[in-house]
Amino acid sequence: MKTKQKLEFGDFQTPPALAQAVCALLARRGVSPATIIEPTCGEGNLLIAAIEQFPEARQLYGLEINSEYIARVEQKLQVRTDPQSVRLMNESFFRFDWESLLETVADPVLVVGNPPWVTNAELGSIDSENLPRKSNIHRLKGIDALTGKSNFDISEWMLIQILHWLSPRRGTLAMLCKTAVARKVLSFAWREGLCPAQSSIWGINAIKHFNAAVDACLLLCEFSNEKQSPFADVYIDLSAEHPQSRIGLREGQIVADFDGYEVCKSLQSLSKQPAFVWRSGVKHDCSSVMELRSDGKANFVNKAGVQVEIEPTHLFPMLKSSQVAKRETETSENFMLITQCSVGQDTSHIQHTSPLTWQYLQSNRARLSERRSTIYRNQPPFAIFGVGDYSFAPWKVAISGFYKKLEFAVVGSYLGKPIVFDDTVYFLPCRTRPEADLLASLLNSNLAKKFFSTFVFWDAKRPITVDLLKRIDMQKLARELGKQEEFAECLRLRGMAPLTGVAKTRRRAASVQVGKMLFD
Ligand SMILES: C[S@@+](CC[C@H](N)C(=O)[O-])C[C@H]1O[C@@H](n2cnc3c(N)ncnc32)[C@H](O)[C@@H]1O
């Protein structure tokens, strides 16, 4: 029960020493509030540290959903002799009438706190209602909303509300949160014109203070009459005197190296139809059924340890993210069951062409039907995603999205079949080994590394994404590295210089055919 409650309310109380260090930093930066608001005050450690640090503040508020915590804060305040009185409110952040309160408070306002560390998906999994009423905060549509881009930390939602409160007035937001949340909130503020005059991110040790294995920070947004700046200085910890980097918004995108951006800008892809398109591996959300291990002969065992006898037709050698990262790409003992060669393709023919495979899929139908993601709804039975002609390219240049290394591996075929990946791997499909070698040499160059480093946030859960990879223009990169002729030859062999609409359609039809042939 305790763990469930901890999860549901993101209950990680800030230790007093950390609370005091946060408030001391605010004072060093010249924060001097008339009003202090702690919007999820818990046991009150940050609220009390702020009261102690800023005796000049006259209006003090603490709000918290948990009545036991409110009672504890009341007890703590009773034994104190502060001249100001504190208004404590046992309410939910999401239901409280903040507008009416904010009309009555004096500037400058300090909103200090540590909102719950939990995502809407985690809350959904335990049927919790501790959520804002409207939750699609980034107004995502279609596939992005379905595949999890709409998953957000509820602190993200709360911080965005606080930015709305503060942006028309003088005040400071000082919140402990996941570093990824801080970046998302800043990005939102910069894009939506809620821009603070100064923003900064101060690293904290979440393992030490909260026993949580996540990158966390103090996010500071200072609103004043000064000019607004779309960047934030990043400090390694609360005692650092100089920032280690500056992140910011450049031409509508958030970059990890605000100043280095100018240098790499010329390599950015502006093309809507690039010569090489980044793809991700196959998504099936059911590794226990769809991934099999081979003993080197023709015997396959699934993850549940069950021996599986099926035709080889739909089995493809696969590499996991970790193997791609370690460049163990020559062979693989793992195989993936590929039921379709394009998204939405009918699967019923498997019954006749590969009856044993059909039987295996049928006997695991319940597990496959349990796949939670809504993308599988209204799809043929045993459907998969991230599959197309590109999955069956004989060569690929691949990178793992999980690993904190900018290294691209050349991957070929194994046992006469193209190697496929799980959906944490990204790749460029290639027709020949020389083509793959050329692309890998371009991508592994120092220039490409510098380019990607301008954008990559290494503390993110998946630092490398398709959005990051597709930013680089391969043709411009080849030119900068003096390999434009090899690159032009590569394009010529692909029949890609320049293609008409009809030719493109033909090329696509031809490559889909390649995928189909593999199953015939
Ligand atoms: C990460 S803890 C931090 C507590 C306190 N701010 C601190 O720094 O020690 C998050 C707090 O948010 C409270 N909380 C969770 N959901 C809330 C909601 N909807 N409204 C108000 N408080 C909430 C939890 O009970 C918990 O005390």
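**Entry 1: α8 and α9**

I began with helix α8 (residues 154–166) and helix α9 (residues 179–192), which pack at an angle of about 35° with their axes 10 Å apart. I note here that the model is predicted. The crossing of α8 past α9 is right-handed. I then listed the residues that meet: S155, E156, L159, I160, L163 and H164 on the α8 side, and V181, K184, V185, F188 and A189 on the α9 side. Sorted by class, this contact has seven nonpolar, two polar and two charged residues.

**Entry 2: α2 and α3**

Next I looked up helix α2 (residues 16–28) against helix α3 (residues 45–53). Their packing angle is about 40°, and the axes are 8 Å apart. I recorded the crossing of α2 and α3 as right-handed. From α2, the contact takes P16, A19, Q20, V22, C23, A24 and A27; from α3, it takes N45, L46, A49, A50, E52 and Q53. I counted the classes for α2 with α3 as nine nonpolar, three polar and one charged.

**Entry 3: α17 and α21**

I found an angle of about 140° and axes 11 Å apart. Only angles over 145 degrees count as roughly antiparallel, so α17 and α21 are oblique to each other. Which hand does the crossing of α17 and α21 have? I have it down as left-handed. E435, L438, L439 and L442 are the α17 residues in the contact, and E486, F487 and C490 are those of α21. The contact of α17 with α21 has five nonpolar and two charged residues, and no polar ones.

**Entry 4: the ligand**

How many residues surround the ligand? I have 22, of which the closest are T14, E38, T40, E64 and F93.

For T14, an N or O atom in the side chain is 2.4 Å from an oxygen atom of the ligand. For E38, I found a polar side-chain atom 2.7 Å from a nitrogen atom of the ligand. For S92, a polar side-chain atom is 3.2 Å from a nitrogen atom of the ligand.

Methods: Residues are numbered from 1 along each chain as its sequence is written. This is a predicted model: local features need pLDDT of at least 70, side-chain atom pairs count only at pLDDT 80 or more; totals for chains, interfaces and linings use all residues. Side-chain values use heavy atoms; hydrogens and water are left out. Axes are lines fitted to C-alpha atoms, for helices over the stretch in contact, and angles run from 0 to 180 degrees between N-to-C directions. Helices (H or I, at least four residues) and strands (E, at least two) are DSSP runs, numbered from the N terminus. Angles under 35 degrees count as roughly parallel, over 145 as roughly antiparallel, 65 to 115 as roughly perpendicular and the rest as oblique. A crossing is left-handed if the near helix is turned anticlockwise from the far one by less than a right angle, and right-handed if clockwise. Contact means heavy atoms within 4.5 Å. Ala, Val, Leu, Ile, Met, Phe, Trp, Tyr, Cys and Pro count as nonpolar, Asp, Glu, Lys and Arg as charged, and the others, Gly among them, as polar. A residue is near a molecule or strand if one of its heavy atoms lies within 4 Å of it. A polar contact is a pair of N or O atoms within 3.5 Å; within protein, one must be able to donate a hydrogen and the other to accept it, and residues adjacent in sequence count only if both atoms are side-chain atoms.
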